[in-house]
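Thanks for coming. I will take a few minutes to go through one model, strand by strand, and then turn to the core and the loops.

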Amino acid sequence: MRSVLCIVLLALIAAAYAKEQTIKVKGQIICDKRSIRNALVELREHDTFDPDDTLATIHTDKDGNFQLSGKEDEVTAIKPYIRVTHTCDVQDRATCHRISDFEIPANFINGAEYDMNFVNLNLKGHTDKEVCN
Ligand SMILES: [Ca+2]
Ligand SMILES: [Ca+2]
């Protein structure tokens, strides 16, 4: 009972001190010098003790463009990144896909829109993995 009370109290304190942080990002997804349409782009945020949050999701348009914005309440500074799910440089496109993460610099939190310009999927993101069914 005591530990439950403790957790509730901590949650209340965290909620009271949490500040809303916003992030805006845009770019164009490229593979082999061509824009990639209909790629899944997620605006996500690192968390230490629980799974990362997805703040917003979109698919690229016919020219590979995406634009996302999201917000998150947290006591410390959020660590945002975008995750692109795609098949660029994947050998077996029928069963495999690649998940590439690209960090968003901290100075764009509560700041100007982060224009990533061309996001070249031929280059590896800060974390990059291939997943097969
Ligand atoms: Ca976080
Ligand atoms: Ca979070």
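What you see is a predicted model, in which local features need pLDDT of at least 70, side-chain atom pairs count only at pLDDT 80 or more, and totals for chains, interfaces and linings use all residues. Residues are numbered from 1 along each chain as its sequence is written, and chains are lettered from A and ligands numbered from 1 in the order in which they are written.

That bridge belongs to the pairing of β3, residues 40-45, with β6, which is antiparallel and runs over 6 bridges. By pairing I mean that DSSP finds at least two bridges between two strands. The elements themselves are DSSP runs numbered from the N terminus, helices being H or I with at least four residues and strands E with at least two.

On its other pairing, β6 meets β7, again antiparallel and over 6 bridges. Within it, Arg 83 has Asp 101 of β7 as bridge partner. β7, residues 96-103, in turn pairs with β9 in the antiparallel sense over 6 bridges. Two positions to look at there: Ile 99 is bridged to Lys 129 in β9, and Cys 96 stands opposite Cys 132 in β9.

Put together, these strands belong to an open, antiparallel sheet of 5 strands, ordered β4-β3-β6-β7-β9. The edges are β4 (53-59) and β9 (127-132); each has a single partner strand, so one side of each has no neighbour in the sheet. From one strand to the next the twist averages 20 degrees, taken between lines fitted to C-alpha atoms, for helices over the stretch in contact, with angles from 0 to 180 degrees between N-to-C directions.

Now the faces. In a regular strand, side chains alternate between the two faces of the sheet. β6, residues 80-86, shows a covered face of Pro 80, Ile 82, Val 84 and His 86, while Tyr 81, Arg 83 and Thr 85 make up the uncovered one. Buried here means 20 or more other C-beta atoms within 10 Å of the residue's own, exposed means 12 or fewer, and partly exposed lies in between, with C-beta atoms placed from the backbone.

Which residues have the most contacts inside the largest nonpolar core? They are Val 25, Ile 29, Ile 36, Val 41, Ile 82, Val 84 and Leu 121, in a core of 17 residues. At least two core residues come from each of β1 (19-31), β3, β5 (65-74) and β6, and β1 gives the most, with 4. Such a core is a set of buried Ala, Val, Leu, Ile, Met, Phe, Trp, Tyr and Cys residues joined through C-beta atoms within 7 Å.

Take Val 25 as an example. Beyond its neighbours within four places in sequence, its contacts include Leu 43, Leu 68, Ile 82 and Met 116. A contact requires the two C-beta atoms, placed from the backbone, to lie within 7 Å.

Next, two loop residues with positive phi. Asp 32, in the loop between β1 and β2 (34-35), has a phi of about 50 degrees although it is not a glycine. Asp 32 counts as exposed because it has 10 C-beta neighbours inside 10 Å. Asn 110, in the loop between β7 and β8 (114-120), has a phi near 60 degrees, also positive in a residue other than glycine. With 14 C-beta neighbours inside 10 Å, Asn 110 is partly exposed. Asn 110 touches Gln 21 and Thr 22, leaving out residues up to four places away. From Ile 23, Asn 110 is 87 residues away in sequence but 6.1 Å away in space, C-alpha to C-alpha.

α1, residues 2-17, reaches 23 Å from first to last C-alpha over its 16 residues, close to the 22 Å expected at 1.5 Å a residue; the expected span is 1.5 Å times one less than the number of residues. None of the 16 residues of α1 is buried.

Last, the chain as a whole. There are 1 helix and 9 strands, with the helix leading in the pattern α-β-β-β-β-β-β-β-β-β. The C-alpha trace spans about 55 × 35 × 20 Å along its principal axes. Of the 133 residues, 22% count as buried. Of the contacts with a separation of 6 or more, 65% are between residues 24 or more positions apart.
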